[in-house]
Amino acid sequence: MAGITIVFDFDKTIIDVDSDNWVVDELGATDLFNELLPTMPWNSLMDRMMNELHAQGKTIEDVKEVLRRVPIHPRIVPTIKTLHALGCDLRILSDANLFFIETIVDHLGIKDCFSEINTNPSYVDEEGKLRISPFVDFQSSPHGCTLCPPNMCKSMIIDRIQTTLAKEGRQRIIYLGDGIGDFCPSLKLRDEDFMMPRKDFPVWGLICENRALLRAEIHEWIDGEDMEKIVMKLIEKIKIQDSVQLLPVDFKIEAMPIALPQSVKVQQ
């Protein structure tokens, strides 16, 4: 539906797992990952893990094969296709990486449903090794947000999306997420927007503790089936609200004298 932008987190929102953990676990590198985790930021660690896995003989095709069997609720893909068919502007905003996300959404047949994917850059180098970079170069240009990891503050992207949408006219945003990193952008949403935190996940807990800080209307969801029902109800609600606001408002109802028949006695 024109006028509605839906922003999805990716890990544990579109798919049911964290894509980083999924690849590391499925390729047998969990122990090394846990050993290195206290020593560096998560995003930097994933770049290091891709180097380690490459050194162990794991190929890009091995990584793709793992990504193609990532768990996902059966109602997610049909929901995304329906929303796209309705004319909603769908976008991904994720702290995963571009290679992982594009591999998965391409395999699921929904890549063309999204107008943009905002995430950490990644590419395959000349040695056939996946390199992962931070969305924000926190060494030279830190984003300064104390709520978010050093490599990405999702509010930066939401600010940019809101600025772009404002130039195109009145727009509504529905934001879906699960993680701590989804709390900061939820604070940027406006009164007419909607925040859909996944129930019993970190962002839901933060919102419950700080509900007064959010301006957007909040609708929690549990799984893919629940997500589908709620987001479709919100779209219908927006349609009704927008239809009411489009009604003409430049008419007046004048008080007109009423001539009563002489046979009617007015009670005093």
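## Lys 129 and its bridge

At 11% relative accessibility, Lys 129 counts as buried (buried is under 20% relative accessible area, exposed is over 50%, and partly exposed is in between, with a 1.4 Å probe and protein chains only). Lys 129 also forms a salt bridge with Glu 127. The closest N and O atoms of Lys 129 and Glu 127 are 3.6 Å apart. A salt bridge here is a side-chain nitrogen of Lys or Arg within 4 Å of a carboxyl oxygen of Asp or Glu.

This is a predicted model, where local features need pLDDT of at least 70 and side-chain atom pairs count only at pLDDT 80 or more, while totals for chains, interfaces and linings use all residues. Residues are numbered from 1 along each chain as its sequence is written, and side-chain values use heavy atoms, with hydrogens and water left out.

## The cavity

Helix α3 gives the most, with three residues. Helices (H or I, at least four residues) and strands (E, at least two) are DSSP runs, numbered from the N terminus.

## Other salt bridges

Across the whole structure, a search finds 22 salt bridges. One of them joins Arg 48 to Glu 52, with the closest N and O atoms 2.9 Å apart. Both residues lie in helix α3 (residues 42-55). They sit four residues apart, about one turn of the helix. Arg 48 is partly exposed, at 33% relative accessibility.

Arg 215 bridges to Asp 191, the closest N and O atoms being 3.3 Å apart. Arg 215 lies in the loop between α9 (202-209) and β8 (217-218), and Asp 191 in the loop between α8 (183-186) and β7 (194-197), so the pair ties together parts that are 24 residues apart in sequence. Arg 215 is partly exposed, with a relative accessible area of 48%. Asp 191 is exposed, at 52%. Elsewhere, a network of salt bridges links Asp 89, Arg 91, Glu 116 and Arg 160.

## Nonpolar cores

The largest nonpolar core has 53 residues. Ile 6, Phe 8, Phe 114 and Ile 174 have the most contacts inside this core. Helix α10 (residues 224-245) gives the most to the core, with six residues. Another core lies apart from it, with 16 residues, among them Val 7, Ile 161, Leu 189 and Ile 218. A nonpolar core is a set of buried Ala, Val, Leu, Ile, Met, Phe, Trp, Tyr and Cys residues joined through side-chain atoms within 4.5 Å.

What does Ile 174 touch, not counting residues up to four places away in sequence? Its partners are Ile 4, Thr 5, Ile 6, Val 7, Phe 194, Met 196, Val 231, Leu 234, Ile 235 and Ile 238. Contact means heavy atoms within 4.5 Å.

## Aromatic pairs

The structure holds two aromatic pairs. Phe 8 and Phe 114 form an edge-to-face pair, 6.2 Å centre to centre with 90° between the planes. Phe 8 lies in strand β1 (residues 4-8) and Phe 114 in strand β3 (residues 114-120), so this pair ties together parts that are 106 residues apart in sequence. Both Phe 8 and Phe 114 are buried.

Phe 33 and Trp 42 also pair edge-to-face, at 5.1 Å centre to centre and 75° between the planes. Phe 33 is buried, with a relative accessible area of 3%. Trp 42 is partly exposed, at 32%. Rings of Phe, Tyr and Trp (its six-membered ring) pair if their centres lie within 6.5 Å; planes under 30 degrees apart count as stacked, over 60 as edge-to-face and the rest as tilted.

## Positive phi

Most residues other than glycine have a negative phi. Lys 12 has a positive phi, near 60°. Lys 12 sits in the loop between β1 and α1 (19-26), and is partly exposed at 32% relative accessibility.

Asp 200 has a positive phi as well, near 70°. The loop between β7 and α9 holds Asp 200. At 60% relative accessibility, Asp 200 counts as exposed.
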